[in-house]
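Please read these points with the model open beside you. They go chain by chain, then contact by contact.

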Amino acid sequence: MIDFELDEEQQLIVETVNKFAADQIRPAAREADEAATVPQRLVDAAWELGFIQGSIPEAYGGYGSGDPSAITGALVAEGLAEGDLAIALHLLSPRLIVDAVLRMGSEEQKRQILPAYLGDSFVPGSAAVVEPRMGFHFLSMKTTARQEGSEYVLDGEKCMVLLAAEAPNILVYAATGDGIGAFLVPAGAAGLEIGEREKSLGLHALATYGIKLSGCRVPASARIGGDAAVMLRRARVAQSAMAVGVAKASLDYAIVYAKDRDAFGVKIAQKQAIAFMLADMAIETEAARLLNWEAAWSIDQGTEASREVALAHRYCADMVMKVTDNGLQVLGGHGFIRDHPVEQWVRNGRGFSVFEGMASV
Amino acid sequence: MIDFELDEEQQLIVETVNKFAADQIRPAAREADEAATVPQRLVDAAWELGFIQGSIPEAYGGYGSGDPSAITGALVAEGLAEGDLAIALHLLSPRLIVDAVLRMGSEEQKRQILPAYLGDSFVPGSAAVVEPRMGFHFLSMKTTARQEGSEYVLDGEKCMVLLAAEAPNILVYAATGDGIGAFLVPAGAAGLEIGEREKSLGLHALATYGIKLSGCRVPASARIGGDAAVMLRRARVAQSAMAVGVAKASLDYAIVYAKDRDAFGVKIAQKQAIAFMLADMAIETEAARLLNWEAAWSIDQGTEASREVALAHRYCADMVMKVTDNGLQVLGGHGFIRDHPVEQWVRNGRGFSVFEGMASV
Amino acid sequence: MDFSLSNNAQNRIAMARMLAENMMRPIARQFDEEEHTDPWDFFNMMWDASKLNREATTLGGGGGKSSGDGDKKKRSENTLLACMQIEELAWGDAGLYLSVPNPGLGGAAVQAVGTPEQKQRFLANFYEGKPKWAAMAITEPHFGSDSKQVATTAVRDGDMWVLNGTKIFCTAGHRALDKSDGFVVVWATLDKTKGRAAIKSFIVPAGTPGVTVTKVEDKMGIRASDTAMITLEDARIPADNILGTPEIIEKDSRAGFGGVMATFDSTRPIVAASGIGVARAALDLLRECLTEQGIKIRYEASPYEQTVLEREVMNMEAQLQAARLLTWKACNMMDRGQRNSKEASMAKANAGLSVTRITQKCVELAGPLGYSRKMMLEKWMRDAKITDIYEGTQQINQLIVARSILGYSSAELN
Amino acid sequence: MDFSLSNNAQNRIAMARMLAENMMRPIARQFDEEEHTDPWDFFNMMWDASKLNREATTLGGGGGKSSGDGDKKKRSENTLLACMQIEELAWGDAGLYLSVPNPGLGGAAVQAVGTPEQKQRFLANFYEGKPKWAAMAITEPHFGSDSKQVATTAVRDGDMWVLNGTKIFCTAGHRALDKSDGFVVVWATLDKTKGRAAIKSFIVPAGTPGVTVTKVEDKMGIRASDTAMITLEDARIPADNILGTPEIIEKDSRAGFGGVMATFDSTRPIVAASGIGVARAALDLLRECLTEQGIKIRYEASPYEQTVLEREVMNMEAQLQAARLLTWKACNMMDRGQRNSKEASMAKANAGLSVTRITQKCVELAGPLGYSRKMMLEKWMRDAKITDIYEGTQQINQLIVARSILGYSSAELN
C-alpha cells in the first residue's frame, strides 16, 4: 500500500544523520573545501556513529539487521550530503567495497574481505569506474579485464577514483566482454599506477586520482560477483540521494537568507520573484527525492530497476544544478563570494551528471 | 556595419501590414476559426495591398523592385501572422509558387507561370511538402519523382497541403534520388488525388488537405529548378517570422489584460509573478525575431544558411509554444475560454514545429 | 515507505480503467467536436455504476475517512484511491470525467462543512432517481483567484436567504440546474465590508426561482464538461441552506470561508490526478506509436548516443511520475489525517505545469499526425492545460507553497 | 538592416582576439588558482596597448560618440565596437579583462556626468605614467540592488567633502586605491532623509586619508579581478570632486542619481558582451573537442535521429547568438542616440541566464574532463555566473523590462 512515511528505524537514522551533518559536517565544510582535506575528527566521529558497521549484517561482524535497504542507504546519503558532499563521499567510501561484496560476493569473499572494514577505525574504500574521456558512459567502458588461466589482466585508465592512494583496495570496474566485472585490486599491485591527486570544479576536500592499469594481474578470486552493472545502478541511487541533499542544503540556506535580507523596504523573500523561485526549488527537490525513493524501493524489491534508476538519476542531476544555481542567485553578489556556502553547492552539484560509482546504497 | 534599423521602404511595408492586420485580420480571426473559412473580403483587400504583386519584379509583371529580400518577406509574414496565422498563410499562399519560380525557375518558366498569379484577383497557391508520418523530416521525403523519358512520375502521400483543392497548381516536393525536386502539378492531373479537408489542432480557417500521388506524370518542364531544399529553408524563415508574429500577438494581448485585471487590490500586472512572465515573453520574442532576421539576412547574402535557418527555426518553434502558453496562463480561466484569442494562438503556435514549406519569403 | 499498490487499489484502478477504455474513449472525440451536447448513455451508465462504487467518482471522496472495505490494513487510503481512479477516468477522457453525474465539488463542500441534517437532505439520497449533478460556484466576472472579492450578496429575509449576483466558470452548473434535480453551492457575502469572514456558501437547489444559467462557455478543451455562467436575481432559498454559521466571525473558522478553502486540500491532488491521467494518455499513445515503428527508448544511453526523441520521452516519463508521486504523497498525508495544504499545492503546481508540457511535447514529437485531429494527442493537449488553471492557478499554488516554506502569512507574502 | 561586420569592427575584433589568445589565455588558469596575485606583465602590456587603442579596453568607451576613424559610414558604432572587443577579451579571460588597468566604471561615470574640468583632472592624463585603475563603489553591506539605500554619508566641511561609510563589491577597488594612483567613484548621500535625490557620486583619489581597503573577497570565479571592501572614515576630498550638482533636486536629473543610473544603459550591454565571450570560449572548446572525436553537429537532423548532444550544442549556439544580437541591438540604439534602457536590460537579463546555462551545460557534456581543472570549461562556468548578478541581477533587469513594456513606474511595479 502506497505510503511515504519512514518507519521508526529510518526516522531514528535520519535524525542521527541530520544532527551529525548539521552539528559537525556543515561547520567544517568550507574549511575542508579550501584546505582540500577531510578533518580526521569527522572521520572518527562518523565511524563511531557506525554508518558503515550498520550496513553490514551481524553475521559478518557488523551490527546491521539483514541486508540494508537501498532506501535506508538513500536516507543516509541524502542527510550526510546535506552537510557536505565531499565529506559525505569520503565517510561513506568503505561501502563501495562492502556493499559490492555483500550483494555480489561469495560467502568466502564476504568472510575474507569484510573484516578489514570492521576494525576499530575507519578504513577508506575506493572504486574506479569513470574513465577520462568526454563521452564516457558507465555501460561502455574501455578498461578491460581479460581472463588468463586463473588470473584476470586489467588494462585501462580511470579517473575520479576517490581515495585511490589512501585505500587498501580499489574496486576496479572493467569490461569483461560479456558485461562489466568488478575486481578488487590491492594497493601497490603490480601494473597499478596511481597518478597525481586530481583538481576538480568541486569536491575539493575529497581526494580523487587518475589511475592507470597496465597488465595489472589479479587472481580470479578478486572478481566480485558477475555482472557488476547492478552496483553502478545502486551507485546512481546513492548519488541521486546526495544530489537531493545538496539541493536541500541550498534551498534551506536561501530561505533563511531571503527572510533576513532587506530590499526595497521588505525582505527579499516577500518579493514574488524570489518567493516563487524558492517555491520552485522546494517542489523540484521534493519531486526528485520521491522519484529516487521509488527507484531505491524498486531495487529493494529485487528488480534491476534500470529504467527507474535512469529516470531518477537524470532528473536529480538536472534538478540539483538548477536548484543550487537558483540558490546562489537568491543571494546575488553574496552568493558569488566564498563567505557563503552556496557557490560550493553549485560546484559540487554540477558533478552529479558526471559521477558514476562514487557511492553506494 | 551591424544595424537593426529598417530602411524606409521596409518601415512603410511594416506599417501597411500592421494596420491591415490590426484593422481587418484580427477582428475576423475568431469567426474565421470557428467558421473554418477565410472571408473573401480579406482575400480581396490583401490582394489590393499587393503583398503578392510586390514580391514579383516589374520585369515579370509585378511591381516589386528586383528580387524581394527574405528580410522584407519576414517582416510581411510576421505582421500578417500577428493578425492571424491561418489567414496569413492563406493570403500569402501564392508566394509558394511565385517565389519558387522566381528563385529557381528558368526564364521561360517565369514567363509562362507567373502571369497566372498576376491577374485582377487573388489566385491561391499551394505546396505539398509534409508527409503523414510521425518522424517526417523535410530532408527525408518518401514521395518520389522518377524520370521517365521526357516526364517525371510522382508517387507518394502528402498532408497539410494548404489550398490543394482550391489552387490551380500544387508545387509538389519529392525526392529525386539526388536531392529534393519541386514539381508543378496542375489541378486535376491524372494520378493526383485530393482527400478530405483536414481537421487540425489549429489553423481551422485554413483549408488543408491530404493528397495522394499515384504514378502522377508531369512533363520535365514542370520541374522548377534543381535542389529545392533551398525553398524549404526559405519556408522555415517565413514560418519562423510568423511564429514571432503569433508570439507578439499573445504578448501584447496579455499585457493589456494584465494591466486591466484586478486581483488582491492591484492589477495582476503589478504582481512580479505576472510581470516577470511578461518580461520573459518580451525578451524571448525579441530574441527569436533577431535570430530569424539574421537567418533571413544570410539568405539574402546568397548563402545557403542551413545552420542559421535551423537554429532560428528551432528557437522560434520552441519560443512561440512557450510564449503563447504563458499568454494563456496570464489570463487564467479566461484564457481557456474562446471569448479570448489566446487559446487560438496556443493551438496555432504548436504547429510551427510541424509546418514545413507552408509559406515563403 | 511503500510504493506498491494494495489489492484494493489495483481493483479500483482496474475497474476505472475498464470504464475509461470501454465507455469513455469510444465517445471522447465525438463530445469534443459536438460541444454543448450531452452523452446521456454515458451519464446513465455512470450513474448506475456510481451506486455500486461511489468513491470512484466522488471528488474528494471520503478524504480522511476510513474505507473499511477490502484492504486488510486498518489505515485509510481513500483519498489515494480516489486519485488513482480519477487518473484512470481522466485517462479515458477528462471532459467526460468532469461530466460524470455526482455530488462533485458542491457535494464535497456539504460533506466538509455541512450539518448532519444538510448531509441528510442533499447527499444521503443523492444517488436516487435520475442522474444528478452538484456544482460549486465561486468565481465571478471581476475576480478569479482572489475569492475574498465575492460580490454576490446573501440577505436574510425571514426564513429565507435572498441571493443576487453573477457566477462564472461553474463546472457542471448547467447540468446541475437545468438538466437534473441537482444543486449548486454558491459563495456569497453577508456584508461586503467584512471581507473573508462574511463570505458564506449556500446550497441552491435546481428549480430555485431567480437562478438562471445565462451562458455556457466555449472552451479550448474539456469540451464535454459544461462551464456555466449563473445569474442569481432575488433567488430565494431556505434559511438552513447556508453552510456553516450565519454569524460573521472575524477570525476564519473551519465552518466558514476557511472551511471551504480547506476542501482544496483534497481537491487539488484530485485535479492533479486528473491532469496526470490526460498526460499519461498522451504519453502512452506516443510510446505505442513509437513501438509500432520499432523504436525502443534506451533509458541508459549516453547523450552522445541517445536521440532527442528518446531523451524527451525519458524526461516526460520522469516528469509524469514525479507529479504522480507528489500527488500520492499529498493524498497519503490526508489519509493519515495530516495537514497537507503545502503538499497539495506542490502536487497541483507541479502537475499543472508537467501535464501541460508533456501533452504539448507529445503533439510535437508525433509531427503532422500529432497536429491532426485524427489522433487524440491534440485533444489531450487542449484538455490538459486546464489542470494548470482551475482549483488555483500555477501562480496561486506557488504562492501557497512559498508562504508555507517561508512561514509567511498572506499579508506578508501576496 | 545589416548583419555584416564593418572593416573597422573586423580589425578591432582581430586585435582584441590577438591579445586574448596570446596575452590572456596563457596566464588565465594561473591567476585563477593564485587568487589575489597581480599579473603585472599583463597589466603593463595592456597599459601600453591601451595607449594605442583606448576603446578596446574602456568600459562604455565613448558610447554615443562618433569614432571618426577607419569606418567609411558617418554613423557611430563605438558602443558596438566596445562590446565586440570586450567579448573577445572575455573570451580570453573574464577575470583578467576586468583587471585591465583603465578608467573602468569610475571613468565611465566621470565621462557621463563630470564637468570638463573634472574630465581634465581625472581622465585626460589618465593613461600617463604607470598602470592605473578607476573603480565605482555603490554597494554596501546592507543593500545590493536597492541603491537608494546608500548609507555612506558626505558632509560638506569648508571646501572639502567628508565621507563616512563602508562599500563592498567594488571591482578593481584594491588596485585603484592600493596598487596604483587611481580613483574610486563613491556613491554617498547628502541627506538620508531625502532618498534618491540626495545621493551623489564623489571622486575619491588613491591616497586619500581615511580610505582603506579592509577586505578583498574570495570568489567563485573571475578570481583575477579584485573585489574590494572599502571603508571610509572621515575621508576628506576636495569640494569639486563631486559629480554633478551638490544641490538636492527632488526630481531625478541627468546630473544626479539618474545620470549615474543612465550609465547602466551602456554598461549592461558591455557586461552582457563579457559574459557572451566567456560562454563562447566554452562552446568553442567543446566543439573543438567534438570535432577531434569526429563528431559533426547535424543541425537539420530530425529529433528521431539527432543526438541529445547535437541538440544541446544547437540550443547553446542559438542561445548564445540570441544574447549577442540582443546586446548588439542595445548598442546599435545607443550609437544611434536612442534611449535603450529596455533593450540594455533585455540583453543583460537574457545573456546572464544564457551564459550561465551554456557554461554549465558545456561542463556536463564534456563529462569527467569538463569537471576537471585540467580543462578550462569548469573555470568558465565559474566565471560566467557573475554575468547574471552584477550590473543588476537577472531579477532587477527583468523588473526594468517589465516596467518598460507595461509602462509602469517603479512605484507601480516593484
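1. Domains of chain A. Residues are numbered from 1 along each chain as its sequence is written, while chains are lettered from A and ligands numbered from 1 in the order in which they are written.

2. Domain 1 against domain 3 in chain A. Domain 1 of chain A brings 19 residues to the contact, and domain 3 of chain A brings 20. Two residues are in contact if their C-beta atoms, placed from the backbone, lie within 7 Å. On the domain 1 side, helix H1 (8–35), helix H3 (70–83), helix H4 (85–92) and helix H5 (94–104) of chain A each supply at least two residues. The largest share, nine residues, comes from H3(A). By class, that side has eleven nonpolar, three polar and five charged residues. Here Ala, Val, Leu, Ile, Met, Phe, Trp, Tyr, Cys and Pro count as nonpolar, Asp, Glu, Lys and Arg as charged, and the others, Gly among them, as polar.

3. Chain A as a whole. Chain A has ten helices and nine strands. Both are DSSP runs, numbered from the N terminus: helices are H or I with at least four residues, strands are E with at least two. The radius of gyration of chain A is 20 Å, close to the 21 Å of the globule rule for 361 residues, so chain A is as compact as a globular protein of that length. The radius is taken over C-alpha atoms, and the rule is 2.2 Å times the number of residues to the power 0.38. Along its principal axes, the C-alpha trace of chain A spans about 75 × 45 × 40 Å.

4. Chains A and B. What relates the two copies? A rotation of 180 degrees, with 0.0 Å of shift along its axis, superposes chain B on chain A (RMSD 0.0 Å). The two copies are thus related as by a two-fold rotation axis. The contact takes four residues from chain B and four residues from chain A. On the chain B side, two are nonpolar, one is polar and one is charged.

5. Chains A and C. Here 34 residues of chain C are in contact with 34 residues of chain A. Helix H10 (308–335), helix H11 (341–365) and helix H14 (394–406) of chain C each supply at least two residues of the chain C side. H10(C) gives the most, with ten residues. That side has 19 nonpolar, seven polar and eight charged residues.

6. Confidence. The predictor gives the complex an ipTM of 0.96 and a pTM of 0.96. The mean pLDDT of chain C is 91, and 92% of its residues reach 70 or more. Over residues 55–73 of chain C the pLDDT is below 50. This score is the predictor's confidence in each residue, from 0 to 100. Where pLDDT is low, the predicted coordinates should not be read in detail.

Notes:
This is a predicted model: local features need pLDDT of at least 70, side-chain atom pairs count only at pLDDT 80 or more; totals for chains, interfaces and linings use all residues. Copies are superposed by least squares on the C-alpha atoms of residues with pLDDT of at least 70 in both.
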